[in-house]
Amino acid sequence: MPETEMQEEIRINGIAASPGICIGKAYLVDREGVDVVTKYRIDEKKIEKEKKRFRTAVRNAQDELKAIIDNTPEEIRQHTNIFEIHVALLKDKMLYGKTLDIIEQEKVNAEWALKSVVSEAKTIFRNMDDDYFKERAADIVHVSERIMRNLVGAELVDISEINKRVILVAHDLSPTDTSQIKLEKIKGFITDKGGKASHTSIIARSLEIPAVLGLEKATHLIRNDDLIIVDGKQGIVIINPSEKSLLEFEELRGRYEEQKALISRSGQAPALTKDGIRMEVMGNIELPEEVVSVMDYGGDGIGLYRTEFQYLSRPYFPTETELFDKYRDVVEIMAPKPVTIRTLDINGDKAVSYTVDSEEDNPALGLRAIRYCLKKPDVFKTQLRAILRASAYGNVRILFPMISNYEEIIETKNILRDVSEELYKNGVPFKEDIEVGIMIEVPSAVILSDIMAEEVDFFSIGTNDLIQYSLAIDRGNRKVAHLYQPFNPAVIRMIKQVVASGRDKGIKTYMCGEMAGDLLAMPILLGFGVDELSMNPQSIPAAKQMIRMLDSSEMKVFTSEVLKQKTSKDVLALLKSAYGSLISDHVYAEQQP
Amino acid sequence: MSIMRNNSELLSKDVIIANTLGLHARPAAEIAKLAKKACKGVWISNDSQTVDASSIIDILTMGCGPGSRVTIKIDDAGDMAVLDAIVKLVETGFKEQTNNA
């Protein structure tokens, strides 16, 4: 690496969204999710070669699409119509012909030519009145991204095959973006927007990739290929680090990895409190592959299997068989440990493409999760059938999200009953006494938890949404992010109420939000008698270690003290003074440079 | 040079978009497929613009809803079969609902 020009080191601070340290080259992704394309001139003599490169990329894209069509089962062939149109679009004059013309006339690289054609087409479509035609811009973008990937992919092989792992720098990443990224190539994430509870942060943590978010100006300060350091624990990003910084962080990285290895070794043993109470510590997963890390870190099961991923960035709804295969994989691997499958929790930011009915002003309060599923019984029934069928292969629990009133439980259970009767009639095996639970994440569900407990087998408190809805905080909004307080006395009282209602009616209460993995929250959760915690897999060992150091009877006394506090700050101060040193000395031996 | 060239009447036909969704992606793709078989240019126009019938994207940019009237025009009389085929396709409402095998 030649270091001809010395650049000054820049340090910026953001939100520490996923712990870990990585050092690597920056890779910028622009706002639209299309890679930043650089423009360069093509030598007169090489124009033909460049055009050929473009044609090859289109041909490869065409082959990919045809393979998708061929691999689609007969019964849902009609949904592949859109792919057939995409195949036709690939060779469309406006896209194909024009790009070739621009390469020729302007003597520029294929990526740039394609990008300029696409942005022009996009503008035309976006200015159209009719919603249907407006949406067609998305088809063109899809198609062009496929070509672009093939163009860039072919080039990567040319340059070098080694060390292609990069740090992703983006203004913001939507779940659709993250679902398209080849995650094994990503060392770290940096974004201008987003907070600790944003989707990017959750993904980064579950894949154990360091992330610093909410940096505001990262995409302006960082250029492609800049060397950067990401410290996801302290929330620092260093651009063009000095040699001194490099050494310092390289050492820190080593220490962090060592620590992680040490902690995960102690993860396998059960988490028993000093007085012998066993707390089940489970893992949250989003991708079936993550089961491996739940097992590595000693999870006692899956407390939350988010199922949205299979509905993302694809032109049609997944089939029952597709879903069943994925669920069965997870269930079989984990058996006899439980796998809690949460039904589709689609909202504004996790939308199935091509089912865009209309934009909602306020998606968090809109048609999402169970509301959406009750409105679309066909989509819902397909998923329920897949879950029920998977239940024959292990220990499955079914979890319904966003329940906000009693009728929703009744209606949902009726649908579940219909589906199971249908399976029964057809002789399809499933677990007839499958445990059915609801997410407690809307304040109304907390208030009605005593009534709701009569209808279900368990509760699972989803703290992320519960905090957002009860404190009226948009967790992605940087301006109010500081008011997103898990330790707000209101939140703590709600947790207490839910556990108490459950206990009264003889059902268990689990917790699967971010708070479940927060070591400082453990004394409270244990004290209230939460029966099971589910968290990001890599938090499991530390959580277990923490539980082993607590005494549940002492916690009961301690929680009465916590309940007297008036502010979030007071609660935190109390927790820190009582357990802060325990955490830093025994659970994490905090490393300070 | 064909003498037909100047007689645009013979080389163009008006049709009403009869299918329920208008000239959306699939119909556009089917028109483009036929238009590509022509030796010379095939054009579609409405009140405001004329586009290349062999380009799906171009057709889509017209934003033709159901019931709108369009004119399909060929540059060369030799492509009359293509013109007729497109007209027939539009008039039969693109055989919507059924799948092209």
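pLDDT is the predictor's confidence in each residue, on a scale from 0 to 100. What you have open is a predicted model, in which local features need pLDDT of at least 70 and side-chain atom pairs count only at pLDDT 80 or more, while totals for chains, interfaces and linings use all residues. Residues are numbered from 1 along each chain as its sequence is written, chains are lettered from A and ligands numbered from 1 in the order in which they are written, and side-chain values use heavy atoms, with hydrogens and water left out.

Begin by colouring chain A by pLDDT: its mean is 84, and 87% of its residues reach 70 or more. Confidence is highest in strand β15 (residues 458–461), at a mean of 98, and lowest in helix α6 (residues 175–180), at 58; helices (H or I, at least four residues) and strands (E, at least two) are DSSP runs, numbered from the N terminus. Select next residues 154–163 of chain A, where the pLDDT is below 50 and the stretch has five contacts (heavy atoms within 4.5 Å) beyond near neighbours in sequence. Where pLDDT is low, the predicted coordinates should not be read in detail.

Now select Asn240(A), in the loop between β8 (236–239) and α9 (243–265); this residue, although not a glycine, has a positive phi of about 45°, and Asn240(A) is buried (under 20% relative accessible area, with a 1.4 Å probe and protein chains only; exposed is over 50%, partly exposed in between), at 12%.

Move on to Ala369(A), in helix α12 (residues 369–375), another non-glycine residue with a positive phi, of about 50°, and buried at a relative accessible area of 1%.

Finish at Pro336(A), in the loop between α11 (320–334) and β12 (338–342), where the peptide bond from Ala335(A) to Pro336(A) is cis, with omega near 5°.
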